[in-house]
Amino acid sequence: MNYTPSPIAIGVFLAFVGFVLGLSFYFARKAKSAEGYFAAGGSIPWWLNGVAFAGDYLSAASFLGICGMIAVAGFDGFLYSIGYLAGWVVALFVVAEPMKRLGKYTFADALDSKFNSKGIQLAAAISTLVVSIFYLIPQMVGAGSLVTPLLGWDQWMGVVLVGIVVVVIVATAGMTSTTYVQFLKGGLLIIFSVLLCICIFKAGLNMTVFEDSQKLKRELGFGDIAGVIVKDDVVTIPGDSGFKKAGTFKHFVRLEKEGRYSWWMLKKDGKVNTLIQIPSVTKLKKETKCKFTAYNHNPKVAKKEKEQELSTLELFNGYPKAANHFYQVSHLSKIVYKGKVLKAGAGTGSLGPFEFLKVLKDSEVTIFKKVALKAWTGRKGNDFDRNIESITVWKPTPTAGVLVMRPGLKFKVDPVHKKDKNGNVIIGADNKPVIDNNKTLWEKLNFVSLMLALFFGTSALPHVLIRYYTVPSQRDARKSTIVAITAIGFFYILTLFMGLGAMSNGVIDLTDTNMSAPLVAASAKVGGVLLFSIISAIAFATVLGTVSGLIVAASGAVAHDIMDNYMGLNLTDANKVKAGKIAALITGVIAIGLGIVFKGVNVSFLVGWAFAVAASANLPAIMMLLFWKKTTAKGITASILVGMIAAIAILAISPKMAEMYYGWWGVNFDAPFDLNNPGIISIPLSFITLVIVSLMTQKDNDKLDPEKVAAI
Amino acid sequence: MAGHGPAVKLGKDNASEWKSKLGIKLFFVYGIIYAGFVVITTIEPEWMSINLFWGLNLAVVYGMGLIILAIVMGLVYNYFCTKKEDELNGPGGGMAPIETKDETKEIK
């Protein structure tokens, strides 16, 4: 992977982070009171708050995660853009003004405005903390992804860097500096994303496979092996290739050369059988020493790398990561332009935005599908095999553009076909593929569940809710929301082009799809080092800003909701700010740990989880408080806790977590059902709980203060 | 309770109920259109491949349409809310933070 840091990248990055920190220290002077710290004194102008809203919201998930998911799953990634933006409609039409009217620092204030209930204060504070942490995980993962190509650091170092910088920002200045940082990076992110899109349109579409990857494959001797004999499912390799067969699994063949293993896929083209090398990552149980000569990606530096030896737990195409032998992928395998199929290697030249989408839809893309070779784990074999924790390979799959440009690649909304143990589709008596009705149903439920959580999740996110307290009036709350919707909506349209640009330019790092948008900026065909550095630095600032907002929300929940209100400590303003800062530090440490653990998972996918937990825990309580007079304090408390626990429990036993348990510990955990997005169960469950408990505790409402009830 | 109450004291908003009703109506309109996208994708995903105009399919037009519609509806909502606030609360909407009165001047 071309992750060699350049002085330009380092310079731009340091300048950006330094500027953000300087801004924070400057505004620190304005945040002496609790109101200043937690709500910027309610003094931020609506237009600035609106762009800051966009800055808060356009987190790592939006820029890194969505673009990364579009790059590998086409239109399915864009579903996140649609859902994230649609959620703002709920925020604007239903939540914005009442939240501004009823609350002070946190959303617990608004929920508790008519009840004065210890239960609500505690439950809302816990849910704020939990949702903030769920949302923090993807931000930290994204930050870690960014520093690897920028500074040449390991992922965990990036996570620690973000954690430290953010805790410094939050501990010094609070909401005022967070707002200005968000305003700045929100604006810059949109401007430079427009620039990146222009570069993508200018480069157009072509079939050239990413040159650096091609060169790497040639130099490593990983060219295709033709003339392979396949008889009765037994694969025989030609004697002169230098490779020896060392196992097969489904369509995949493992070859050995000089004690090193690589994975290949059998491609049948008429009578000719060819083996194509495919990307693989092997995780080992205990460290193994490896000798290698690192590949030099930088053609301008004609240095000869020396052979070196190091211990590793992960092998990328059979080599340690430092060997740079894992190449970037994804390219167009056929282009139809103006009704004609272009010759191999030809391109379209510059295209307009709509033409870009049309040509891609009419063409064919080779995308890489991830396959976990679970049956390989625990295999007896030789010493090397016994040391294998897990193996993941990526299968190149030519896919019609029509399928890329509509839902279905990630969320299997089309009927799912039954497959035999070798992964072949089972054909029924009517000569048609047999449909797996059970799997089809779960896949559809997953899709609906995600769209539900995205729609209802935005207005229940604590760092979005607290921003309503930073403006002077309800009218300003509304106007700033509209500015946010406009800025965010425009940006989300750009994500489609940035993601598809990455998909068609062969720049995808399969071990971390989050880097797709910055890497397309880095590609010589599209941008270059400078654009990459600026975009990455802005993306890093994006993470800093969002993490700051989340940590302020979490610290508010601890200092204001739990310590001051729930425990009744009646803290002075200064002590409340001090408690908030200590809470910020602890939250930051937790976020750092989780950011390292969830390395490599698509950040938008992780944010989808945060939305599901937020929508399940908070939204039923907010909506019912505003629109159902019979809502009681106990009903709200129960709905928050049930929604939150149900969402987390479903996630813990989901297939995606099962995949992660396998990746982390090689554990083969079978998820009881195929649901990765809990919203479809946990959101209705939370609503039902609120209604039932409220109806059972109606007498509690007799004691309420009529003035407070009328204010809702 | 020490910590409750708005961050800044706001003037009375006579348009609050009217805005709330309009918000709910628009929320339902958008919700139905959004649900339409989810339902088509779930039940008839093939329809999403239908070409509409400029070579764009239903998925792209509907998806981008939902984003643009949210912006347009937001602007419409703001226009009517601002108009109603001015009508019922006086020019400027009457919702700016209440300035603390200078009691000594009133005594004089």
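1. How much area do chain B and chain A bury between them, and what percentage of it lies on carbon and sulfur atoms? In this predicted model, the two chains bury about 4,900 Å², with 69% of that area on carbon and sulfur atoms. The size of an interface is often expressed in this way, as the accessible area lost when the parts come together.

2. The contact draws 65 residues from chain A and 55 residues from chain B. By class, the side of chain B that touches chain A comprises 31 nonpolar, 19 polar and 5 charged residues.

3. Turning to polar interactions, 11 residue pairs are in polar contact across the interface of chain B and chain A, both members of each pair being at pLDDT 80 or more. Three elements of chain B each give two or more residues to the side that touches chain A: helix H1 (16–43), strand S2 (56–57) and helix H2 (58–89). The largest share, 18 residues, is contributed by H2(B).

4. The interface of chain B and chain A also holds 2 salt bridges. One of these links A:Arg406 to B:Glu46, whose closest N and O atoms are 3.4 Å apart.

5. A remark on confidence is in order for chain A. Its mean pLDDT is 79, and 86% of the residues of chain A reach 70 or more. Within chain A, helix H24 (residues 679–696) has the highest confidence, at a mean of 93, whereas helix H2 (residues 34–39) of chain A has the lowest, at 53. Where pLDDT is low, predicted coordinates should not be read in detail.

Conventions:
Residues numbered from 1 in each chain as written. Chains lettered and ligands numbered in written order. Predicted model: local features only at pLDDT ≥ 70, side-chain atom pairs only at ≥ 80, totals over all residues. Heavy atoms only, no water. Contact = heavy atoms within 4.5 Å. Buried area = accessible area lost by both parts, 1.4 Å probe. Salt bridge = Lys/Arg side-chain N within 4 Å of Asp/Glu carboxyl O. Polar contact = N/O pair within 3.5 Å; in protein donor to acceptor, adjacent residues only side chain to side chain. Helix = DSSP H or I, 4+ residues; strand = E, 2+ residues; numbered from the N terminus. Nonpolar A, V, L, I, M, F, W, Y, C, P; charged D, E, K, R; others polar. pLDDT = per-residue confidence, 0-100.
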